[in-house]
Amino acid sequence: MSSGGPGSDTEESQDRPFSRASERDEPEEEESEDEEEEEEEDDNQAQACGSNSGNAQNQSSSRHEHGERTPASGVCDSIFSWIWKRSVRRGPYVDPSRDNFRTMTSLYGSMNPASDSVNLNTQTHGAVFNLEYSPDGSVLTVACEQTEVLLFDPVSSKHIKTLVEAHEDCVNNIRFLDNRLFATCSDDTTIALWDLRNLSGKVCSLHGHASWVKNIEYDTHTRLLVTSGFDGNVITWDTNRFTEDGCPHKKFFHTRYLMRMRLTPDCSRMLISTSSGYLLILHDLDLTQSLEVGSYRILRARRTPLSTDGSPSSSRSVGVPRHGNDSSKLHPHREGMSPRNSLEVLTPEVPGEKERGNCITSLQLHPKGWATLLRCSSNTDDQEWTCVYEFQEEEPQRHSVLPRCSLRLTHYIEEANVGRGYIKELCFSPDGRLICSPYGYGVRLLAFDGRCGELTDCLPTRTALLREVRSVYSHSDVVLTSKFSPTHCQLASGCLSGRVALYQPHF
């Protein structure tokens, strides 16, 4: 198959081989005395926790129980319970490394395949196209090439259920709406809703796309399901009024060559990547409106230029701390600001491709909404990069028609480019400090600096290389997708031959 515009015969599935002939460091800072004292205190606490649980061998033998949340007042019987106690009541994001870089770097640096992950073998179900954990981390769902969805217990690695013939074609993406409801989409052009409490059949099937459906997002504020497909359409579905026959829907947006669509965590922006190298950003998102073709104003259509040293020619001041992600304060709707659903069109540059086009194949967002993560391939499909672009907030100007933000390339790294034609899905860790990137027959963990620091704490003045924390090769075929658990210190990856591997720290 060869790629082309959405809905055309030359269009290409995310999960099948295709040809795109026409498509498309900073040194470590010295720790302050306060940091050293704090880390020394944290290390002492960790050692105390280890002594309560016995020797190091006992810690190793109890690692499979790391998903259990022990009471805060109980005995600290493992390193995981200690980390959990340090992260409780710290906000909506799992951020156990907020106080101790060394511990988390050591944990993630010791990631290895779990000994029993071999049980998660899906070879009879085809390639693994997508992995998704439930919000509470109790279920791992697997989207398979051959029409089925598998469910596993990620702690015990035991198979829970197989949704036989969940769709009539490849299952591409899975999205949880809450801890029990989840949605799947397929090349059969449909979306299906499922309930973990009763998996004997679908809750309902949603019909509205004219081509392969590749992506699902969910707005928790309006309870609108948002899907995108290779017909170029972004469709919203009102799950407040779903029945066995479906739920009301409408076309929200349309663009050619659509590849992926994502919502920022606060649902204030929608990002859309295309096979022609463009990245579309809808600002001040209002999903209740319907944007017909030609009804929206393109506010900016430009490249994000790089200077000769590889850094963007225009950049904001570096090192300004950000606390939280309250976009209601950043984007109040008042006179003099851009209208809702303002469209920004960018062509993100990548090193080595300054003069040539590229294809944006994978699109993810930082869990705190600070940056976007792109997997880009060259126009000739002979190179791949993972790139991080920071959202730059600009001071709103009265009666300005320009958007309030643009993207700045902060970090990048070249990828192995193994398995040409297949899209590799990257992911952020729940705290946003690490990136997991499919890398040939394995995965590698990437960080913004050598201490797994927050992005806002290590923004470079010039574009910098991502730091490799660890590489693990545990598959016999090209890895296509990866996902961090939202609650456990665990990582999952799936490959072309259908095997799912689980990774956890080994002591």
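Predicted model: local features only at pLDDT ≥ 70, side-chain atom pairs only at ≥ 80, totals over all residues.
## Repeat spans, confidence and selected residues

Residues 164-198 are 51% strand and 0% helix, with 14 Å between the end C-alpha atoms.

**Confidence.** The protein chain has an average pLDDT of 74, and 64% of the residues score at least 70. The pLDDT is below 50 over residues 87-99, a stretch with 25 contacts in the model beyond near neighbours in sequence. Over residues 293-337 the pLDDT also stays under 50. There the model has 100 contacts beyond four places in sequence.

**Positive phi.** Tyr257 is not a glycine, yet its phi is positive, near 60°. Cys267, also not a glycine, has a positive phi of about 60°. Tyr257 sits in the loop between strand 13 (249-254) and strand 14 (258-263). Cys267 belongs to the loop between strand 14 and strand 15 (270-274).

**Surface patch.** Val418, Tyr441 and Tyr473 make up a nonpolar surface patch. Together they have about 300 Å² of accessible area. Tyr441 lies in the loop between strand 24 (434-439) and strand 25 (442-447).

| Residue | Relative accessibility | Class |
|---|---|---|
| Tyr257 | 24% | partly exposed |
| Cys267 | 9% | buried |
| Tyr441 | 40% | partly exposed |

Cys267 counts as buried because its relative accessibility is 9%, and buried means under 20%. Tyr441, at 40%, is partly exposed.

Notes:
Residues numbered from 1 in each chain as written. Heavy atoms only, no water. pLDDT = per-residue confidence, 0-100. Contact = heavy atoms within 4.5 Å. Helix = DSSP H or I, 4+ residues; strand = E, 2+ residues; numbered from the N terminus. Patch = residues over 30% accessible without salt bridge, like charges linked within 9 Å, V, L, I, M, F, W, Y side chains within 5 Å. Areas by Shrake-Rupley, 256 points an atom, 1.4 Å probe, with all protein chains shown as cover. Salt bridge = Lys/Arg side-chain N within 4 Å of Asp/Glu carboxyl O. Buried < 20%, exposed > 50% of the residue type's maximum accessible area, 1.4 Å probe, protein only.
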